[in-house]
Amino acid sequence: MPRSATVNQELRERSRERILTAALETFAAKGYEAASISDITAAAGVSRGLVAYYFGTKEQLAAELLDRWLDGIAALLTLQGTPDERLAAIIDATLLAAATTLPVQRLAITLMMQPTTHAVFARVEQAKTARLTEVEDTLRDIFAARGAPDPATEEMLLRATLEGVTVKLAIYPETFPLEAIRHRLYTSYALPAPSTPLPIRSPAVDRLRAR
């Protein structure tokens, strides 16, 4: 009995997701430059032709993963509450995402910073310009509502700070004291101390060391 169009679509989506998961795991394990399409097809258990059919090239695979990463940033637009509550929620959501999605965070950091792959990130970012501008404007509106004299600079500083935290967490996942850093961020923005810790492991403040 022939499969229905709905079943075929579900199978296609599963195949795409399996390939994307394998690509993310392979990029995380080997690095973008060293990873090959053959590595990804082996990890996904699919043919090379299927990867080419859905994504074409390794760059397009990375672009799709980065696209989803940027969509995660854009999800900050949905946070509600007072300006202080929204700022606290943005800090928490960013820290939690950094701690729970390290493979994609490492991929994004690599593609942003490496000269050979920065252009890949730039193209994806350009395609998301309208959505990212909304994120920037949302943050600037929050800082304006809190009385900041220069909301644009505050937005850039917050993003740079949170991205720096993400970089350090990617390098030192076993020793980075995320909860202490969270409290320090709250203090720096004169926010009420969080009432509960984030639902992730956070070591005590000591030394950042790779393990």
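User: Does Ala190 count as buried or exposed, and at what relative accessibility?
Analyst: In this predicted model, Ala190 is placed in the segment after α10. A residue counts as exposed when its relative accessible area is over 50%. Ala190 therefore counts as exposed, its relative accessibility being 62%.

User: What is the phi of Ala190?
Analyst: Most residues other than glycine have a negative phi. Ala190 is not a glycine, and yet its phi is positive, with a value of about 55°.

User: How many helices and how many strands are there in the protein chain?
Analyst: Read along the sequence, the protein chain follows the pattern α-α-α-α-α-α-α-α-α-α, and its C-alpha trace spans about 60 × 40 × 40 Å along the principal axes. The count for the protein chain is 10 helices and 0 strands.

User: What percentage of the residues of the protein chain count as buried?
Analyst: A residue counts as buried when its relative accessible area is under 20%. The protein chain has 211 residues, and the part of them that counts as buried is 36%.

User: Among contacts in the protein chain between residues at least 6 apart in sequence, what percentage join residues at least 24 apart?
Analyst: One example of a pair set apart in sequence is Leu208 and Leu169, which are 39 residues apart along the chain and 9.5 Å apart in space, C-alpha to C-alpha. For the protein chain, among contacts between residues at least 6 apart in sequence, the part that joins residues at least 24 apart is 66%.

User: At what angle do helix α6 and helix α9 pack?
Analyst: Helix α6 covers residues 102-113 and helix α9 covers residues 151-171, and their axes are 10 Å apart. α6 passes α9 in a left-handed crossing. Angles of 65 to 115 degrees count as roughly perpendicular, and α6 and α9 are therefore roughly perpendicular to each other. The angle at which helix α6 and helix α9 pack is about 115°.

User: Which residues of α6 and α9 make the contact, and how do they divide into nonpolar, polar and charged?
Analyst: On the side of α6 the contact is made by Leu102, Gln105, Arg106 and Ile109, and on the side of α9 by Thr166, Val167, Leu169 and Ala170. Taken by class, the residues of this contact of α6 with α9 divide into 5 nonpolar, 2 polar and 1 charged.

User: Is Gln105 buried or exposed, and what is its relative accessible area?
Analyst: Gln105 is found in helix α6, and, not counting residues up to four places away in sequence, Gln105 touches Trp69, Ala97, Ala98 and Thr166. Since buried means under 20% relative accessible area, Gln105 is buried, with a value of 7%.

User: Which side chain makes a polar contact of 3.1 Å with the side chain of Gln105?
Analyst: The side chain of Gln105 makes a polar contact with the side chain of Thr101, and the distance there is 3.0 Å. The polar contact of 3.1 Å joins the side chain of Gln105 to that of Trp69.

User: Are α5 and α10 roughly parallel or roughly antiparallel to each other?
Analyst: Helix α5 (residues 83-100) and helix α10 (residues 178-188) have axes that come within 11 Å and cross at roughly 160°, and the crossing is right-handed. Angles over 145 degrees count as roughly antiparallel. α5 and α10 are therefore, in relation to each other, roughly antiparallel.

User: How many nonpolar, polar and charged residues does the contact of α5 with α10 have?
Analyst: In this contact Ala88, Ile91, Asp92, Leu95 and Ala99 of α5 meet Leu178, Arg182, Leu185 and Tyr186 of α10. By class, the contact of α5 with α10 has 7 nonpolar, no polar and 2 charged residues.

User: With which residues is Leu70 in contact, leaving aside its neighbours within four places in sequence?
Analyst: Leu70 lies in helix α4, which covers residues 58-74, and counts as buried at 4% relative accessibility. Leaving aside neighbours within four places in sequence, the residues in contact with Leu70 are Val124, Glu125, Lys128 and Leu132.

User: At what relative accessibility does Leu208 count as partly exposed?
Analyst: Leu208 has its place in the segment after α10, where Leu208 touches Lys168, Tyr172, Thr175, Phe176 and Pro177, not counting residues up to four places away in sequence. Leu208 counts as partly exposed, at a relative accessibility of 30%.

Terms used: Residues numbered from 1 in each chain as written. Predicted model: local features only at pLDDT ≥ 70, side-chain atom pairs only at ≥ 80, totals over all residues. Heavy atoms only, no water. Axes fitted to C-alpha atoms, helices over the stretch in contact; angles between N-to-C directions. Helix = DSSP H or I, 4+ residues; strand = E, 2+ residues; numbered from the N terminus. Parallel < 35°, antiparallel > 145°, perpendicular 65-115°, else oblique. Left-handed = near helix turned anticlockwise from the far one by under 90°. Contact = heavy atoms within 4.5 Å. Nonpolar A, V, L, I, M, F, W, Y, C, P; charged D, E, K, R; others polar. Buried < 20%, exposed > 50% of the residue type's maximum accessible area, 1.4 Å probe, protein only. Polar contact = N/O pair within 3.5 Å; in protein donor to acceptor, adjacent residues only side chain to side chain.
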